[in-house]
Amino acid sequence: MSTASVRLDQELVEKATIMAKAMNRSTPKQIEHWAKIGEMMEDNPDLPYEFVRQAIIAKAELDAGKLEPYEFD
């Protein structure tokens with residue numbers, strides 16, 4: 001993964017730092033998380049936030065190998 005330096009508003013960084021601590025993330029990872037959500041919301045304006053949040057959680061579970069196939073009867 002490549003990195004880049006960007007200038008951010010200090011208030012945004014302070015909010016991200018607080019949320020990062022609450023969510024056990026680093027400040028850069030919290031900002032990255034918010035950017036991912038923002039991108040998904042812009043790409044899918046008709047989807048509610050909760051659906052996007054659950055999609056992110058489902059992807060993380062899939063990546064961790066924690067999902068099982070659903071069996072239809």
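Reply: Let us begin with helices, which are DSSP runs of at least four residues, numbered from the N terminus. The model before us is predicted. In it, helix 2 covers residues 27-43, and Q30 has its place there.

Me: Is Q30 buried or exposed?

Reply: The cut-off for buried is under 20% relative accessible area. Q30 counts as buried because its relative accessibility is 1%.

Me: Which residues does Q30 touch, leaving aside those up to four places away in sequence?

Reply: With those left aside, Q30 touches A16, M19, A20, M23 and R25.

Me: Where is V52 found, and why does V52 count as buried?

Reply: V52 is found in helix 3, which covers residues 49-63. Its relative accessibility is 2%, and therefore V52 counts as buried. Not counting residues up to four places away in sequence, V52 touches M40, M41 and L47.

Me: How far apart are V52 and E11 in sequence and in space?

Reply: They are 41 residues apart in sequence, and their C-alpha atoms are 25 Å apart in space.

Me: How many salt bridges does the count come to?

Reply: The rule asks for a side-chain nitrogen of Lys or Arg within 4 Å of a carboxyl oxygen of Asp or Glu. By this rule the count is 4 salt bridges. One of them joins the side chains of E11 and K15, at 3.5 Å from N to O. E11 and K15 are 4 residues apart in helix 1, so about one helical turn separates them. E11 is partly exposed because its relative accessibility is 48%, and K15 is partly exposed with a relative accessible area of 48%.

Me: Which salt bridge involves E32?

Reply: The side chain of E32 meets that of K29, at 3.4 Å from N to O. Both residues lie in helix 2, 3 residues apart, or about one turn of the helix. E32 is partly exposed, with a relative accessible area of 40%, and K29 counts as partly exposed at 40% relative accessibility.

Me: With which residue does K59 form a salt bridge?

Reply: K59 forms a salt bridge with D63, and the closest N and O atoms are 2.8 Å apart. Because K59 and D63 are 4 residues apart in helix 3, about one helical turn lies between them. K59 is partly exposed at 48% relative accessibility, whereas D63 counts as exposed at 55%.

Me: How is a pair of aromatic rings described?

Reply: Such a pair is described by the distance of the centres and the angle of the planes. This structure holds 1 aromatic pair. Y70 and F72 form that pair, with 4.9 Å from centre to centre and 80° between the planes. Planes over 60 degrees apart count as edge-to-face, and the pair of Y70 and F72 is accordingly edge-to-face. Y70 and F72 are both exposed.

Me: Which residues make a nonpolar surface patch?

Reply: V6, L8 and L12 make a nonpolar surface patch of about 250 Å². L12 has its place in helix 1 and counts as partly exposed at 32% relative accessibility.

Conventions: Residues are numbered from 1 along each chain as its sequence is written. This is a predicted model: local features need pLDDT of at least 70, side-chain atom pairs count only at pLDDT 80 or more; totals for chains, interfaces and linings use all residues. Side-chain values use heavy atoms; hydrogens and water are left out. Rings of Phe, Tyr and Trp (its six-membered ring) pair if their centres lie within 6.5 Å; planes under 30 degrees apart count as stacked, over 60 as edge-to-face and the rest as tilted. Buried means under 20% relative accessible area, exposed over 50%, partly exposed in between (1.4 Å probe, protein chains only). Helices (H or I, at least four residues) and strands (E, at least two) are DSSP runs, numbered from the N terminus. Contact means heavy atoms within 4.5 Å. Patches are made of residues with over 30% relative accessible area and no salt bridge: like charges are joined within 9 Å, nonpolar side chains (Val, Leu, Ile, Met, Phe, Trp, Tyr) within 5 Å. Accessible areas come from the Shrake-Rupley method with a 1.4 Å probe; for residues, only the protein chains shown count as cover.
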